[in-house]
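This briefing covers an annotated domain, a salt bridge and a surface patch. Please view the structure alongside the notes.

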Amino acid sequence: MSELIFSLKTELRRGTLTLAVLSQLQTPQYGYSLAQRLEENNVTIDQSTLYPLLRRLEKQELLTSEWDTTESRPRKYYLLSELGQEVFKQLKEEWHNTSMQLNSML
């Protein structure tokens, strides 16, 4: 039973991670800083999940990225693109509607 619950929780969480990541990229973030910001909001994300998600969102043109090489360790910063901002706005609205509908049923 606990394996089933774990599987269902993972499935539920998977759909919300994209929204959580998009919400934190209103300002430029590199991978580690993004993971920290998510964790501060009680959203933990493994690096093996975060970086593929960032690459996928960038490929979908929802993010832009830029390398900062001014420090000793180069960092790739991610930021919502114009399309990403529009998609985030619509997903956020969908989240609010879905949450209200589910809350009324639960």
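The notes below are grouped by topic. The model is predicted. A search of the whole structure finds one salt bridge, and a nonpolar surface patch is formed by Leu102, Met105 and Leu106.

**Annotated domain**
- An unreviewed UniProt entry carries the annotation "domain: Transcription regulator PadR N-terminal" for residues 19–89.

**Salt bridge**
- The partners are Lys76 and Glu58, whose closest N and O atoms are 3.6 Å apart.
- Lys76 counts as partly exposed because its relative accessibility is 23%, a value between the 20% and 50% cut-offs.
- Glu58, at 24% relative accessibility, also counts as partly exposed.
- In general, side chains of opposite charge can pair when their charged atoms come close.

**Nonpolar surface patch**
- Together, Leu102, Met105 and Leu106 have about 390 Å² of accessible area.
- Met105 is placed in helix α4, which spans residues 82–105.
- Met105 has a relative accessibility of 64% and therefore counts as exposed, the cut-off being over 50%.

Notes
Residues are numbered from 1 along each chain as its sequence is written. This is a predicted model: local features need pLDDT of at least 70, side-chain atom pairs count only at pLDDT 80 or more; totals for chains, interfaces and linings use all residues. Side-chain values use heavy atoms; hydrogens and water are left out. UniProt positions are given in the numbering used here, feature names are shortened, and annotations may be inferred rather than shown by experiment. Patches are made of residues with over 30% relative accessible area and no salt bridge: like charges are joined within 9 Å, nonpolar side chains (Val, Leu, Ile, Met, Phe, Trp, Tyr) within 5 Å. Accessible areas come from the Shrake-Rupley method with a 1.4 Å probe; for residues, only the protein chains shown count as cover. A salt bridge is a side-chain nitrogen of Lys or Arg within 4 Å of a carboxyl oxygen of Asp or Glu. Helices (H or I, at least four residues) and strands (E, at least two) are DSSP runs, numbered from the N terminus. Buried means under 20% relative accessible area, exposed over 50%, partly exposed in between (1.4 Å probe, protein chains only).
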